[in-house]
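Dear colleague,

Please read the notes alongside the coordinates.

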Amino acid sequence: MGHFKVNKNDIFFILKRQLNYGSLCSLERYRDLNEKMLDMVVDEALNLAQGFVDPLQEIGEKWGVKFEGGKVICPHEFRTAFKHFGRDGWIATSRDTEYGGQGFPHMMRIIINDFMYGACQTFNMAPSLTHGAAHLIESFASEELKRCYVPKMFEGVWSGTMCLTEPDAGSNLGGIQTIAYREGDHFKIKGSKTLISWGEHDLTENIIHLLLARIDGAPEGVRGISLFIVPKFRVNPDGLIVDQNDVICERVEEKLGLHASPTCELNFGSHDGCIGYLCGEANKGLAHMFQMMNAARINSGVSGMTLASTAYQNALVYARMRVQGRDIAGRKEGSVPIIDHPDVRRMLLWMKAVVEGMRSMIYTGAYWSDFALELPDGEEKLHYQNLIDFITPIIKACCSDTGFRVCETALQCFGGYGYTREYPLEQYLRDVKIMSLYEGTNGIQSMDLLGRKMRINDGAPFKEFITEIEGFCKKNMDHPTLGKDVQTLSVVVKRLAEVAIEMSNTSKSDPLQWASYTHPALLCFGDVTLAWRLLDMALIAQGTIDEGKGTDFYVGKLKQATYFIGVTLPLTMARLDTCLRKEREIVEMPEDAF
């Protein structure tokens, strides 16, 4: 049995009982689909992840990245898998059929990534980046460029990257120095990019870089950034490769984790021979790139969640199997499985709760995204767009931070064996850490959430997100079994809203003090969102129990919710108080005193 473990019943409980994801088929874009077809995709994706992608985890970790003569050599199994993904439509499951997509709901892309990232994070980054890059071209490029590039990328013949970071411009994209010089119908590109995932490899015959650069003479800062299509090899209008394009991989980073994913430093135009094509409007590159960046932020959360999920499932299997120590209450004779020990049960229950809460949070956001993208223009569409705007940094930061904590806790369940390579936990822990750094660190996400997301559209994203949870509380606070837990959540939501508004007001008058506490505030939003999703599942489960159909599966939904509410939300309330401290140690600490 492979390392990747997931409870299929948990998946379908969220999709069918909690979200009713088949209702997406009522949208015009999906009128030819039905819920059984969506179920089929989920089943096939899970089978592919467990049977085909799972073995790549060990292969990739042993092989790593071989960098020879400016070229990255990958395991041949990775090349086979990438071709399989393209040929069978897994890269473009949710894209329009016009360019080779399968036409399924956008939500399905997230579900597929849940399984594939969990089975082999390093490999799935390649098709996921390819999807994002191709979708940028599909969304913003000229028709000629779309026809040339998108089908081959969706088919897995070519791959794609996002090229943003530079040696002296990490998260500060306004400092980008790469220059594009206009030359007829194209541009000459000159500059360097660093920390580019899958920037060089031999999985495909061409790599298409979606690159941010400044057109010569453009304004300084983010207002002068444009987006370019820069292939590793030049191609003619028919898509045939004709020549190298002066894109050189200078080095590959040695990293804590993700050993089979090449993280590259790329030079563009070091011999004045790199050609790029404008994608979208000049000086609108950052706005265009945010489509891919926001998707990547969601996927960072997905990665954190799914690695946490398989870490928990592995810990659960081990705890049932590992016999050590006696029952402290004398309920059983002799040595017992460690799952009988209260401290191990504490860790398992906490992991189960936050994993299911994170998955529900992410799937809910994915479900909303289809309405945000596919409903006709109007108030309902705008409502879902506001919800997606607000929940994106919560998903990214909460699930990456919490995912790391779950992997750490799962390793703890194994004792000393968890620290060895005999079990997959140590790799999960190394691989998951990057997720809180990717696509804007979680500190940056917290300033976005407590800053811009509180203000845009007259605060509509914040107001509608809070209203969504308050409406849930109002509807269920008199529930005979779970009413007290819902009331507890309602009190915390009210306090969270008060703190968020006060902090938002402080952001302009005292930005240093405000920024000192945005990350703790974001964690509070994460706690509340997890509690909401867990209670929603618990109410559904209680309904099934009340009908006389309850099993341990449904009891688990109740216990995980009441435990999380009981042990986490009191800490959330305390943390909220710290967010409004008037003391200024963080701001006033002398630099030499650290």
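How do the residues of the lining of the second largest pocket divide into nonpolar, polar and charged? They divide into eight nonpolar, three polar and eight charged, where Ala, Val, Leu, Ile, Met, Phe, Trp, Tyr, Cys and Pro count as nonpolar, Asp, Glu, Lys and Arg as charged, and the others, Gly among them, as polar.

This is a predicted model, in which local features need pLDDT of at least 70 and side-chain atom pairs count only at pLDDT 80 or more, while totals for chains, interfaces and linings use all residues. Residues are numbered from 1 along each chain as its sequence is written, and side-chain values use heavy atoms, with hydrogens and water left out.

The second largest pocket has a volume of about 660 Å³, and of the 19 residues that line this pocket, Tyr312, Leu316, Arg320, Ile339 and Lys352 lie nearest its centre. At least two lining residues come from each of α7, α8 and α15 (552-579); helices (H or I, at least four residues) and strands (E, at least two) are DSSP runs, numbered from the N terminus. On a 1 Å grid over the protein atoms alone, a pocket is an open set of points with protein on both sides within 12 Å along at least five of seven lines, a cavity is a set where a 1.4 Å probe fits but cannot get out, and lining residues have an atom within 4 Å of a point. Grid points are joined across faces, edges and corners, and a volume is the space filled by probe spheres set on the points.

Searching the whole structure gives two cavities of 30 Å³ or more. The largest cavity, with a volume of about 40 Å³, is lined by Asn7, Asp10, Ser309, Tyr312, Gln313, Val355, Glu356 and Arg359, and the elements giving two or more residues to this lining are α7 (285-321) and α8 (342-374). The second largest cavity holds about 30 Å³ of space, and strand β10 (residues 247-252) gives the most to its lining, with three residues.

Helix α1 (residues 8-18) and helix α2 (residues 35-63) pack at an angle of about 150°, with their axes 12 Å apart; axes are lines fitted to C-alpha atoms, for helices over the stretch in contact, and angles run from 0 to 180 degrees between N-to-C directions. The two helices, α1 and α2, are therefore roughly antiparallel to each other, a term for angles over 145 degrees.

Best regards

Key
Angles under 35 degrees count as roughly parallel, over 145 as roughly antiparallel, 65 to 115 as roughly perpendicular and the rest as oblique.
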